[in-house]
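Please open the model in your viewer and keep the sequence panel beside it. The tour below moves from one selection to the next and says what each one shows.

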Amino acid sequence: TGETLPFGYNKRTNTIGTSNADFPLADPGMYQLDITLKRGQNLAARDRGGSSDPYVKFKIGGKEVFRSKTIHKNLNPVWEEKTCILIDHPREPLYIKVFDYDFGLQDDFIGSAFLDLTSLELNRSTDINLTLKDPHYPDHDLGTILLSVLLAPKEEQREVFQPQSLRLSDMHRKSQLWRGIVSITLIEGCELKAMDANGLSDPYVKFRLGHQKYKSKIVPKTLNPQWREQFDFHLYEERGGIIDITVWDKDAGKRDDFIGRCQVDLSTLSREQTHKLELQLVEGEGWLVLLVTLTASAAVSISDLSVNSLEDQKEREEILKRYNTMRMFHNMKDVGFLQVKVIRAEALMAADVTGKSDPFCVVELNNDRLLTHTVYKNLNPEWNKVFTFNIKDIHSVLEVTVYDEDRDRSADFLGKVAIPLLSIQNGEQKAYVLKNKQLTGPTKGVIYLEIDVIFNAVKASIRTLMPKEQKYIEEENRLSKQLLLRNFIRMKRCVMVLINAAYYVNSCFDWDSPQRSLAAFVLFLFVVWNFELYMIPLALLLLLAWNYFLILSGKDNTQHDTVVEDMLEDEEEEDDRDDKDSEKKGFMNKLYAIQEVCVSVQNVLDEVASFGERIKNTFNWTVPFLSWLAIVALCVFTVILYFIPLRYIVLVWGINKFTKKLRSPYAIDNNELLDFLSRVPSDVQVVHYQELKQDPSHSPNKRKRNNPG
């Protein structure tokens, strides 16, 4: 859906009331705008059945500030939703866009309108009827939207709306970005509709709550699939929301078949309790079995530098107490606390024709995403904001991205940094050189951050052996010959390590070097004669220790890998070319199947190469926390295998495997070793997370000293 400017914007249409041209110059956040989205009338039909599933977005200054719930199959929807927005100044109009929701497809644009806030009378609630327009079809009747609007200076604003309003005391403190967590476990499907010629289906499930999406794995050739997948959504509305669920049959080479849909109304579920739901599919056959838990949360917040959790001694002690080692088994999902101070940026890229930019900053940790305000017409912005997050996985990566705001189109990328939480030095204000979109090389500018991480090491270690949290929205994979070549070279390098090791062993058999072959022969006799199973983890333990002492002594000869960097730079150039081509039509339908196969091969190569690199990086101490965790685990395994006969260990393992589903019917299958390796970065991720050294000759601080004026 295009972000086109609303029809008639320059003509100031759809305004109401008398003009308040004499608004006083305002400090940021001086006005509070209370809006009630009441209803829509005679909206345009966008679905085949002659109806629509409408929802509404509000935007101010190019940023989305509100999104309504979706009303299904209704051209005269009644929302009665309230929201409170703090604005810098009423000169920025309120932009209203109405869409028809299409699950799995691009939502259809119904119409847009805008409201000139300077035309509102202060401290007076006004009902407004806005006519929707489409700039491409100005003569079409698209319906109307009815709003109730109240604009007032912040210090005079009354608390009209209890659920969504911010109290005056809270305006100067932390404002919570989301109010709770919806934890969903997809258990199984039963008696689904057969969509394939063989009388079976290849089902998968899509979930959507507002902006948040999740797609399950595909279970091939079954009408009674077992998924047992767990994921979390954020709950932004106190009264709940509706989760849209659709079931699809995967078809290679053509569009996937629709099996059925259902919904979960969260407002009907009680908090802090797990609900087992059996949902009948409409427009299809069968049902789904889910576990849904609603949990209240205040985990993510944004505030000014004056409100700093860790500088408040009482609050800091409370946080340290919460993650004390003695509380290792209390709330296992709450691993730690992250505080990010976004201070300023310097020497940013000029994105506008005026030679300036309107930069704002996005801070992301897994699925938590927070934004700063925009600093207009400035290449050296100061934000001075503090963001706090609860850490669910200590191996998460903090991503900080700087964008240039554009009112009439999507924001322009200015730079990005990715910082693994385990690499953070607490309390250190640091200048990070911004990187390009692919995180492979520098772009213009630096950003100053101060980051603090507090976590419970025991919880973090246990969490390492559990499945990794998936992102709700990931970029779709596309075919890239450069990426295909890169993954092939990475896999080839891993395979060559094994081949070279085989050549080395074979050379001992061939006695190419008598001294080496004799030593190998004596070692072989000794090991085989005295072999015990505990020697396997002991040997891996010695390898970890040997590499650790090499690093301590400064004799580590692992050179910086420039091959991967060169390949990533080539891939970035190809991405630029692909971006230009993407404006044209996509692949022809007859090439769809070929593309899907190639993308699958490309991803398999990536998985295989990453697996080998993760094993190597575990023993190379790339992430010391994980290497120490491996040492602890190997020590435990060594002791267990030394003192306990193997037959008893195998017996316990077998009993556990056979009785696991009997003891816990809804347990989610996982492999602790693979979950551990998923936290170890591959070589490509190591390059992504590597900090760039700032060029002293281009240092903004140096220029300031040389040019004191």
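**First stop: a loop residue and its strand**

Begin by selecting N42, which is found in the loop between β1 and β2 (54–60); helices (H or I, at least four residues) and strands (E, at least two) are DSSP runs, numbered from the N terminus. The model is a predicted one, in which local features need pLDDT of at least 70 and side-chain atom pairs count only at pLDDT 80 or more, while totals for chains, interfaces and linings use all residues. Residues are numbered from 1 along each chain as its sequence is written, and side-chain values use heavy atoms, with hydrogens and water left out.

Although N42 is not a glycine, it has a positive phi of about 55 degrees. Is N42 buried or exposed? N42 counts as exposed because its relative accessibility is 55%, where buried means under 20% relative accessible area, exposed over 50%, and partly exposed in between (1.4 Å probe, protein chains only).

Next, select strand β1 (residues 31–41) together with strand β8 (residues 144–153), which run antiparallel and are joined by 10 bridges; two strands pair if DSSP finds at least two bridges between them.

**Second stop: a covered strand**

Now move to β2, where 7 of its 7 residues are buried. In a regular strand the side chains alternate between the two faces of the sheet. For β2 both faces are covered, with P54, V56, F58 and I60 buried on one side and Y55, K57 and K59 buried on the other. β2 and β3 form a hairpin with 2 residues between them, and G61 in the turn has a positive phi of about 60 degrees.

Select the 4 strands that form an open sheet in the order β12-β11-β14-β15, with antiparallel pairing. Its edge strands are β12 (212–215) and β15 (257–265), each of which pairs on one side only. On average, neighbouring strands of this sheet are turned by 15 degrees against each other, direction ignored. Inside the sheet, strand β11 (residues 203–209) and strand β14 (residues 242–249) run antiparallel and are joined by 6 bridges; F207 has I245 of β14 as its bridge partner.

Go on to L439, in the loop between β25 (428–435) and β26 (442–455). These two strands form a hairpin with 6 residues between them, and L439 in the turn has a positive phi of about 60 degrees, although it is not a glycine. L439 counts as buried because its relative accessibility is 7%. β25 and β26 pair in the antiparallel sense over 7 bridges, and A431 has Y448 of β26 as its bridge partner.

**Last stop: annotated spans**

Finally, select residues 518–546 and 625–653, where UniProt (unreviewed entry) places the feature "transmembrane region"; UniProt positions are given in the numbering used here, feature names are shortened, and annotations may be inferred rather than shown by experiment. Over residues 518–546 the chain is 86% helix and 0% strand, with end C-alpha atoms 24 Å apart. The span of residues 625–653 is 93% helix and 0% strand, and its end C-alpha atoms lie 27 Å apart.

How values were computed: Axes fitted to C-alpha atoms, helices over the stretch in contact; angles between N-to-C directions.
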